[in-house]
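Colleague: Could you take a close look at one residue for me and show me what surrounds it?

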Amino acid sequence: MSIDNEPGVKKFPALLNKLRFHASIGSTKTIHIKAPKHSMEIDPITNIRNARSIINYSLLQADVIGKQISEDTFLLILGGDCSILIGSAIAFKKKGRFGLFFLDGHTDYMIPECSHTHGAAGMDLAIVCGYGHDNLTNIDNLCPYFEAQNVFCVGNREYDEEYEKPIRGSGIHYFPLNVLRKIGIQNVINQFFAILSENQLDGFFIHFDVDVLDDTLMPAVDSRQCGGLSYAELKEILTLLFNHDKISGMEITIFDPDLDPDKEYINAFMMNMIPIINKIKN
């Protein structure tokens, strides 16, 4: 990922709307939160780029989302990069105890000292689970936004030992792609549902970074790597999750329209996602 230029991920929601994605899933309400100005400066306190803007944006986002959370509403939050998870997490923490199903081609569980970009988008899972500087992990004294025991991290395919070490040492339930396929999707989802029940959670939220998909299907992302889920595997995962009565919402991140000028990958994405999301209403 280049750290010299602003990626085009903030254009993702507007593109989906232009292509009538919102209408196709029967969205009854759309709220737009303007993205903050992009900055390459590294905050000297947190050692993370654009930290102050991220904190302010997360508080605004949490306020907007918090007003929409209810038992009869499914929230679909469109990013943006993965740092939007912070605002989503704060909103749900203020409402109760929620689980997180983190579906991503990376763990996003690291601290700035281990990151070559110093971008919060590569540390979002760590931040929402309380691993990092208090300025980001403890906004409004809510640390952790998600308890590690209630988080499943699924789909990572960066198998470097040092990269995986932090998450393996956490209390997060970790299923990299090779383990997911070995154990089976149904078994992993069943384990997640068991945690929801055992810990008497109020609901759960899905983080879906499109780079969890196979690179041949979804190359319009900022950190490409070989392999990934097929659309059939994604459909199985999301269908099982959507069928649970405690699902509260999902966010989708990292698609960059600038990397898909012919709209080949966004059209394929919509063709696969619209039927899955529409099943929630049935």
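Modeller: Phe192 is buried, with a relative accessible area of 0% (buried is under 20%, exposed over 50%, partly exposed in between, with a 1.4 Å probe and protein chains only). This is a predicted model: local features need pLDDT of at least 70, side-chain atom pairs count only at pLDDT 80 or more, and totals for chains, interfaces and linings use all residues. Residues are numbered from 1 along each chain as its sequence is written, and side-chain values use heavy atoms, without hydrogens and water.

Phe192 sits in helix 9, residues 185-198 (helices are DSSP runs of H or I, at least four residues, numbered from the N terminus). Beyond its neighbours within four places in sequence, Phe192 is in contact with Leu100, Phe101, Asn150, Phe152, Phe204 and Leu241 (contact is heavy atoms within 4.5 Å). Asn278 is 86 residues from Phe192 in sequence and 23 Å away, C-alpha to C-alpha.

Follow Phe101 next. Phe101 is among those with the most contacts inside the largest nonpolar core, with Leu103, Ile206, Phe208, Phe269 and Met273 (such a core is a set of buried Ala, Val, Leu, Ile, Met, Phe, Trp, Tyr and Cys residues joined through side-chain atoms within 4.5 Å). That core has 52 residues. Helix 11, residues 264-278, gives it the largest share, eight residues. Another core lies apart from it, with 43 residues, including Ile55, Ala62, Tyr109 and Phe205.

Now Phe208. Leaving aside neighbours within four places in sequence, Phe208 is in contact with Leu103, Leu213, Leu234, Met250, Glu251, Ile252, Thr253, Phe269 and Met273.

Definitions and conventions: Helices (H or I, at least four residues) and strands (E, at least two) are DSSP runs, numbered from the N terminus.
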